[in-house]
Amino acid sequence: SFLLVITFWQLAWRWYRRDHAASMSDGAIPSVEPLRIGGWLFVFAFSISVTPIRMALELFAMEGFKLSVWLVLMNPAEPTFRPSFIPLMMFELAGNIAACIFTLLVAVFFYQKRRVFPMAFIGVFTSIFLFRLLDLVLPEYLLGKEHAPESREWFGLIGNFFYVLLWSIYMMVSDRVKNTFVRERGERFTGAGDSVLTVIEGDNGEDLELDATKKPESVTVVAS
């Protein structure tokens, strides 16, 4: 479990620190502050804030976090031993750890008003939905009908499907979203008409300064 947490945390950290400056070349860098979070995004803010906490609580309540459970699952002498249990538990554990960490990352993108947020939300939450779908059908397929999902689990999955679908559509078509999530990592804004200095961090940790009011032709490297 600890190794999975470290692995997914490193992946999330690399994504967070990824340089998104490539989009600057299309001249879409804003020269004013992004909009405040409002409208339907105010409602969404509550959901995106609660989701990582709820997933963390579900994660620590999982049987896969208990050593005693693993000792039983891996003991061929136990009457409940089935070889398929181990990969299923690993799949469920890895998926829930990844979901917990990456929903937290999406929440960070949201509150930082990062340009990557809308697509990050769609990608992460669609992946979580697909993971939950597999998590429902695989036990019955591998272990038998006694492990078939209950009706309430299907209703929960359907609710999750519409949650992801409706918010994904909103993220793609909303003008408020387009005018709110406009920041690249490390961007600093001034008022309209002023020169804007954008500071982004390069792959090697150095700071790259770009004038965001015009198409960048050169990059000045400032030692950190």
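This is a predicted model: local features need pLDDT of at least 70, side-chain atom pairs count only at pLDDT 80 or more; totals for chains, interfaces and linings use all residues.
Colleague: What share of the residues is buried, and what share of the contacts joins residues 24 or more positions apart?

Modeller: Of the 224 residues in the protein chain, 39% are buried, while the chain exposes about 13300 Å², with carbon and sulfur atoms supplying 64% of that area. Among contacts with a separation of 6 or more, 68% are between residues 24 or more positions apart.

Colleague: At what angle do helix 2 and helix 4 pack, and how far apart are their axes?

Modeller: An angle is read between N-to-C directions, and over 145 degrees counts as roughly antiparallel. Helix 2 (residues 40–60) and helix 4 (residues 85–111) pack at about 150 degrees, with their axes 9 Å apart, and the two helices are therefore roughly antiparallel to each other. The crossing of helix 2 past helix 4 is left-handed.

Colleague: Which residues make the contact, and how do they divide into nonpolar, polar and charged?

Modeller: Helix 2 contributes residues including Leu41, Phe44, Ile48, Met55 and Leu59, and helix 4 contributes residues including Leu93, Ile97, Cys100, Leu104 and Phe110. The residues of this contact between helix 2 and helix 4 divide into 17 nonpolar, four polar and no charged; Ser49 and Thr51 of helix 2, with Asn96 and Thr103 of helix 4, are also part of the contact.

Notes: Residues are numbered from 1 along each chain as its sequence is written. Side-chain values use heavy atoms; hydrogens and water are left out. Buried means under 20% relative accessible area, exposed over 50%, partly exposed in between (1.4 Å probe, protein chains only). Contact means heavy atoms within 4.5 Å. Accessible areas come from the Shrake-Rupley method with a 1.4 Å probe; for residues, only the protein chains shown count as cover. Axes are lines fitted to C-alpha atoms, for helices over the stretch in contact, and angles run from 0 to 180 degrees between N-to-C directions. Helices (H or I, at least four residues) and strands (E, at least two) are DSSP runs, numbered from the N terminus. Angles under 35 degrees count as roughly parallel, over 145 as roughly antiparallel, 65 to 115 as roughly perpendicular and the rest as oblique. A crossing is left-handed if the near helix is turned anticlockwise from the far one by less than a right angle, and right-handed if clockwise. Ala, Val, Leu, Ile, Met, Phe, Trp, Tyr, Cys and Pro count as nonpolar, Asp, Glu, Lys and Arg as charged, and the others, Gly among them, as polar.
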